[in-house]
Amino acid sequence: MQYHSPSSFNEAVAISNSSSGLVKYLAGGTDVLVQLKIGTKSPDHLIDIKNIPGVKEITLRKDGGYTIGAAVSGAQLTEHKELSKKWPGLVEGMELVGSAQIQSRATLVGNLCNGSPAADSVPGMIAAGASVSIMNSLGTKDVLVEDIPSGPGSTSLENGDLITAINLPKRNDYEGDAYLRFIPRTEMDIAVVGCAVNLSLKNGMITKAKVVLGAVGPKVILAESAADCLVGAKLDGSILSEFSTKCSQIAKPISDKRGSEEFRKDIIGVIAQRAAKKAYDRALGNN
Amino acid sequence: MNKIHVKTNINGDKVEFLADPRETLLDCLRDHIGLTGSKEGCGTGDCGACSCIFDGDLVSSCLVLGVEAEGKSIETIEGMAGEKELHPLQKKFIEMAALQCGFCTPGILIAAKALLDRNNDPTESEVRYWLAGNLCRCTGYDKIIKAVMETAKDIREIA
């Protein structure tokens, strides 16, 4: 294996294009190094992007949204007070990934590229309407995060595609998000189910809703019909139970050691309901 | 294998070594530099026995490549004690018997130090969550948590 440490994205993409065999990009390495160790993926070329300027920065764009560099760690997100205030759901999703040691290194982009349907940070990014900037030999493009996961352990990224940053839209008043997951213990586990909800309100009425279910399908699920039943309503009892049932119906989980299909379908309804309440309360408080 | 010449700083000393790019920082610390205080438990970032401070951040050194250490500054358990005295955490761990076999102890000390450097008044919950990435199969954790809480108290009283 050859190790490369380019100082620009252009250089990284050029190395990728001129290299033969399996090429992997390295950011936090909390998945890549495990794959290397256990031998599931053995790259011929490893391109470390952490020495590229700006890659560990969180910047507020002129349009009011945030751009998060590809190598920004989970700990950096949590420490960023303004971002945590505006996007608590997105930040709490990432914060649930691994230990303090993992948080120092693990990145949103890595969590996305790893392609796990149970990735804790991905539902929050999709609910937020985030996009990723992708660079390859043809140039650069922006793609919605929701279009990246394609199945268990796989993404729609093509060979040589390099995600350079994540872009969050501008946060307006009376908007709020939340992510909740179910695990059988309190820490250091993989989601049995997870749910992110992002809401916009006007006079207490929901005007926009985005609901994303994790770990209940081959990839994260954008639960559009569940989100639709929230729009135009305040978050009261009857709406919540309809919403909960919808989420359970949309979920297409498998049975595995972490939970049976039946249990997951049941519990996603409960978790989704709680996440919706949390997002709603946050939206009310965000003004 | 094409080895890479790495220049880094470990516990305040300039160190150079040759690393195969596949070797982890933990491999390099133990096998090339002879610092065997950091332990390999799982090798996949789950147990925390290899914890060290990498450019100010608490990391599992099994999830860092040795070649990534170029130009960085690393603190390992070997650098924790002063010239003449043990670190307050080390003293307290001995005093309160917060270890049994000791395999996890270097990682736990490093992780606990990283916490107390940031926050010398953590709640018990904060200590437990912070140390969730450090597995101990002997103590049942209680004595470890108590030792960290007591050290924090001592540090606050001195300060």
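Which helix of chain B is Leu89(B) found in? Leu89(B) is found in helix H2 of chain B. The legends below start from there.

This is a predicted model: local features need pLDDT of at least 70, side-chain atom pairs count only at pLDDT 80 or more, and totals for chains, interfaces and linings use all residues. Residues are numbered from 1 along each chain as its sequence is written, while chains are lettered from A and ligands numbered from 1 in the order in which they are written.

**View 1. Leu89(B) in helix H2 of chain B.** Helices (H or I, at least four residues) and strands (E, at least two) are DSSP runs, numbered from the N terminus. Leu89(B) counts as buried because it has 25 C-beta neighbours inside 10 Å. A residue is buried if 20 or more other C-beta atoms lie within 10 Å of its own, exposed if 12 or fewer, and partly exposed in between; C-beta atoms are placed from the backbone. Leaving out residues up to four places away in sequence, Leu89(B) touches Leu109(B), Ala112(B), Lys113(B) and Thr151(B). Contact means that the C-beta atoms of two residues, placed from the backbone, lie within 7 Å.

**View 2. Helix H5 of chain B, residues 142-158.** At 1.5 Å a residue, its 17 residues should span 24 Å, and the end C-alpha atoms are 25 Å apart, which agrees. The expected span is 1.5 Å times one less than the number of residues. Buried in H5(B) are Ile144(B), Ala147(B), Val148(B), Thr151(B) and Ala152(B). They cover an arc of only 135° around the axis, so they sit on the same side of H5(B). The arc is that of the directions from the helix axis to the C-beta atoms. These buried residues pack against helix H2 (88-95), helix H3 (105-118) and helix H4 (124-130) of chain B. Exposed Asp142(B), Arg156(B) and Glu157(B) are on the face turned away from the buried side.

**View 3. Helix H10 of chain A, residues 237-250.** This helix has 14 residues. From first C-alpha to last, H10(A) reaches 20 Å, close to the 20 Å expected at 1.5 Å a residue. Its buried residues are Leu240(A), Phe243(A), Ser244(A), Lys246(A), Cys247(A) and Ile250(A). The face turned away carries the exposed Gly237(A), Ser238(A) and Ser241(A). Packing partners of the buried residues include strand E13 (205-214) and helix H11 (261-285) of chain A.

**View 4. Where chain A meets chain B.** Here 20 residues of chain A are in contact with 23 residues of chain B. H2(A) gives the largest share of the chain A side, 4 residues. By class, that side has 9 nonpolar, 7 polar and 4 charged residues. Ala, Val, Leu, Ile, Met, Phe, Trp, Tyr, Cys and Pro count as nonpolar, Asp, Glu, Lys and Arg as charged, and the others, Gly among them, as polar.

**View 5. The two domains of chain B.** Domain 1 covers 4-79 and domain 2 covers 88-158. The bounds come from an automatic or database domain assignment. Their centres, taken over C-alpha atoms, are separated by 22 Å. The contact takes 13 residues from domain 1 of chain B and 11 residues from domain 2 of chain B. Strand E3 (residues 51-54) of chain B gives the most to the domain 1 side, with 3 residues.
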